Amino acid sequence: MTASGIAGPRYAPYANGKFALAMGLVALDPKDWIDADDNRAAELLEKERLLAANRKAVFDALPGCEEAQREVLVLLLEHLEKYHPGLIGFEDGTVTVRETGKSYRMADFADQALDLAGRLVQEDLCLMRPGEEGYVLIAASLCFPARWLLAEKLGQPMMRIHERVSGYAEKLGRPVDRFFEHLRSDKPVQRLNWSIMDDPALFQTGGKFRTEAEAVITRENAGDRLWIRIERQTLRRLPKSGDILFTIRTFVDPLSCLETRPDLAAALRSALAEMPEGMQRYKSLPPFQDALMRYLDGLASKAA
Ligand code: HEM
């Protein structure tokens with residue numbers, strides 16, 4: 001429910017009807033760092049499934065960051081105990097996730113503590129360390145990538161990680177690098193990212209820059225065949241190691257969630273219309289753009 005009492009999506013970063021490639025960082029109250037909702041059990045089980053099937057695709061780390069990984073785990077356990085009591089139990093060096101009943105011996109994860117941390121929360125966790133060309137991705141528990149491959153980004157600095165993001169190098173690269181240098185451990189931040197996708201899967205490693213038309217998606221069925229994917233991302237500096245932890249919490253809702261919110265449908269339509277072509281191609285919108293816009297037109301016409 002929103003403040004107005006009208007049901008709809010929980011986050012709507014497109015609500016102002018604009019598209020701007022911007023850092024969009026806002027202060028994060030430390031108590032809101034981790035977000036848990038009704039999908040928690042299902043998403044943690046999905047993480048377990050992905051880790052069992054192909055661990056290296058969803059967890060990987062460069063040598064030399066074991067201590068920083070342990071720092072993340074300790075911070076996370078302290079946070080959960082303080083702000084989400086009841087989600088996990090902790091006894092004799094064993095952590096238990098209450099909803100799934102899964103237990104983990106801390107000792108088994110001594111050198112891969114970020115893997116254990118990732119199994120305790122819905123967020124994906126990425127560890128960044130200063131390098132010669134800016135902050136470098138040194139470890140990640142990444143079960144829900146939005147169409148990218150961990151193996152291609154591990155060991156890379158921010159500028160190269162974002163190489164194919166349309167407009168990033170020109171508009172965001174330097175400000176983001178500068179921001180990382182000055183981020184303070186007592187001033188965490190968050191930002192929201194959004195996309196429209198034709199696949200609701202949380203784990204997606206490919207599918208950017210698609211152009212082939214999707215005849216099966218029409219104005220009539222777009223509400224059920226397209227999804228709004230929102231990433232709530234947070235950044236905080238780890239006080240001991242000085243590394244930065246980047247968290248990504250993914251929300252996927254069918255586009256039809258806007259049926260009760262014609263105002264948001266109109267805003268999304270206008271944000272999409274403003275989006276530069278390069279960004280539309282990056283996000284693989286062309287295959288269904290026409291059906292999407294006409295569906296949103298239909299919803300928006302119900303506004304006011
Ligand atoms: C202030 C910080 C950051 C900003 C402003 C930023 C901005 C962006 C933007 C605008 C995109 C395009 C997403 C889309 O619209 O679909 C993106 C994608 C991405 N970002 Fe970031 N990002 C930030 C931090 C990070 C960090 C710390 C990582 C570390 C893992 C990261 C990894 C990625 C990856 C892997 C992609 C997908 C790239 C691809 O498709 O090749 N970002 N980011």
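Modeller: Two strands are said to pair if DSSP finds at least two bridges between them, a strand being a DSSP run of E of at least two residues, numbered from the N terminus. This is a predicted model, in which local features need pLDDT of at least 70 and side-chain atom pairs count only at pLDDT 80 or more, while totals for chains, interfaces and linings use all residues. Residues are numbered from 1 along each chain as its sequence is written.

Colleague: What makes S9 and strand S10 (residues 244-254) a pair?

Modeller: The two strands run antiparallel and are joined by 11 bridges, where pairing asks for at least two, and Ile228 stands opposite Asp253 in S10. S9 and S10 form a hairpin with 6 residues between them, and Gly242 in the turn has a positive phi of about 80°.

Colleague: How do you know what joins S8 to S9?

Modeller: There are 9 bridges between S8 and S9, which run antiparallel, and Trp194 stands opposite Ile230 in S9.

Colleague: Why is strand S9 (residues 227-237) called largely enclosed?

Modeller: A residue is buried if 20 or more other C-beta atoms, placed from the backbone, lie within 10 Å of its own; 9 of the 11 residues of S9 are buried, so the strand is largely enclosed by the rest of the structure.

How values were computed
Buried ≥ 20, exposed ≤ 12 C-beta atoms within 10 Å, placed from the backbone. Helix = DSSP H or I, 4+ residues; strand = E, 2+ residues; numbered from the N terminus.
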